[in-house]
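The sequence and structure come ahead of the text.

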Amino acid sequence: MAEPKSVTVRVPAKVNVQLAVGGARPDGFHDLANVFLAVSLFDEVTVRPADALTVTCSGPDAGQVPLDRTNLAARAAELLAARHGIEPHVHIHIAKDIPVAGGMAGGSADGAGALLACDALWGLDSPRAELLEICAELGSDVPFSLAGGAALGVGRGERLTELPVGGAFHWVFAVADGGLSTPAVYREFDRLNEGVTVPEPVAAPELLDALRTGDTAALAATLANDLQPAALSLRPSLAATLETGMQAGALAALVSGSGPTTAFLTKDEESARAVAEALTASGTCRTARVASSPAPGATVL
Ligand SMILES: C[C@@](CO)(OP(=O)(O)O)[C@H](O)COP(=O)(O)OP(=O)(O)OC[C@H]1O[C@@H](n2ccc(N)nc2=O)[C@H](O)[C@@H]1O
Ligand SMILES: Nc1ncnc2c1ncn2[C@@H]1O[C@H](COP(=O)(O)OP(=O)(O)O)[C@@H](O)[C@H]1O
């Protein structure tokens, strides 16, 4: 069969409905109980044969995305090519809709997307387990970007167990001006917990039940992010954004992962639109996006 001229993969953003963080490990990482939920904000990664490895990016936040070999999509192409003894000669285009450095795993999404796209372009047909292994090498969140749906991530968040989800959940994401560095937020977590014995991170059974039964009110009551105090400490203005969304009728509000995007769980789609409008009008965020979950993982279009 002739090789395809280009392959496009669509990849979702994530929100952490529970992010339980343990103490710092000797390797600098933190053990997690990370309950990921994929949401319907997507990047699209297109790869086509080229003379060298190049990256371009389009979308409102494109200026903040590195176009050199540090881009996770470029690193994914290099890792896959090296395993198969081939040259990573592809042009990668990222159509970016996921907020950059926003705690929604946009870079991880592009890494997983480029990996799946190159695998198809080069006709490798790699086993899923091998793709997941390369994802874990790229970053702790990358395996989940490939998997999508909902999953519990343990270890640094890369060891996944798929979770059943019994219904749709409706969200608003308030995108802040500027990003927050994930390592800086973990460092702030360590600083805030100095001298404290941090308990072993475990997923809350009530939260897993709420996901399984699709019960929005129960999920709202159990959302939890151990990185939230650290994100708020580095970006105190997020408190006003959280408050604004709650006043507008959200059932619960939390910082998405390491932030500074804030996430609002709403009763239904109509309520999500009202909360988004109020957040935009308030001036406490740059923009507000409506989305639903669960969303599928990386998918070849
Ligand atoms: C916080 C989370 C929640 O899902 O994501 P974001 O909200 O930033 O998207 C993740 O833990 C981020 O995962 P990811 O962005 O893939 O992190 P990596 O590239 O593996 O690591 C970046 C840095 O974050 C810190 N890190 C990451 C994961 C982890 N379990 N413990 C850590 O301490 C380390 O300082 C590490 O050097
Ligand atoms: N494809 C990519 N898209 C966005 N950022 C990327 C990408 N590859 C590498 N990065 C780097 O990763 C950092 C974190 O970005 P991102 O993954 O969007 O946020 P977060 O880790 O908060 O979810 C960015 O500041 C950028 O320097």
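How many residues of domain 1 are in contact with domain 2? The contact joins 29 residues of domain 1 to 34 residues of domain 2, where two residues are in contact if their C-beta atoms, placed from the backbone, lie within 7 Å. This is a predicted model: local features need pLDDT of at least 70, side-chain atom pairs count only at pLDDT 80 or more, and totals for chains, interfaces and linings use all residues. Residues are numbered from 1 along each chain as its sequence is written, while chains are lettered from A and ligands numbered from 1 in the order in which they are written.

**Domains**

The protein is divided into domain 1 (7-163) and domain 2 (169-293), with bounds from an automatic or database domain assignment. Their C-alpha centres lie 22 Å apart. On the side of domain 1 that touches domain 2, the elements giving two or more residues are β1, β2 and β5 (150-154). Helices (H or I, at least four residues) and strands (E, at least two) are DSSP runs, numbered from the N terminus. That side of domain 1 divides into 20 nonpolar, eight polar and one charged residues. Here Ala, Val, Leu, Ile, Met, Phe, Trp, Tyr, Cys and Pro count as nonpolar, Asp, Glu, Lys and Arg as charged, and the others, Gly among them, as polar.

**Ligand shells**

A residue belongs to a shell if its C-beta atom, placed from the backbone, lies within 6 Å of the ligand.

| Ligand | Residues in shell | Closest residues |
|---|---|---|
| Ligand 1 | 20 residues | G139, S140, D141, R156 and G257 |
| Ligand 2 | 20 residues | L72, A101, G106, G107 and D110 |

Domain 1 and domain 2 both give residues to the shell around ligand 1, so ligand 1 lies between them. By class, this shell has six nonpolar, 12 polar and two charged residues.

The shell around ligand 2 draws at least three residues from each of domain 1 and domain 2. Helix α2 gives the most to it, with four residues. Its classes are nine nonpolar, 10 polar and one charged.

**Helices α1 and α3**

The axes of α1 (residues 72-83) and α3 (residues 128-138) come within 10 Å and cross at roughly 130 degrees. Axes are lines fitted to C-alpha atoms, for helices over the stretch in contact, and angles run from 0 to 180 degrees between N-to-C directions. The contact is made by L72, R75, A76, L79 and L80 of α1 and I134, E137 and L138 of α3. These residues divide into six nonpolar, no polar and two charged.
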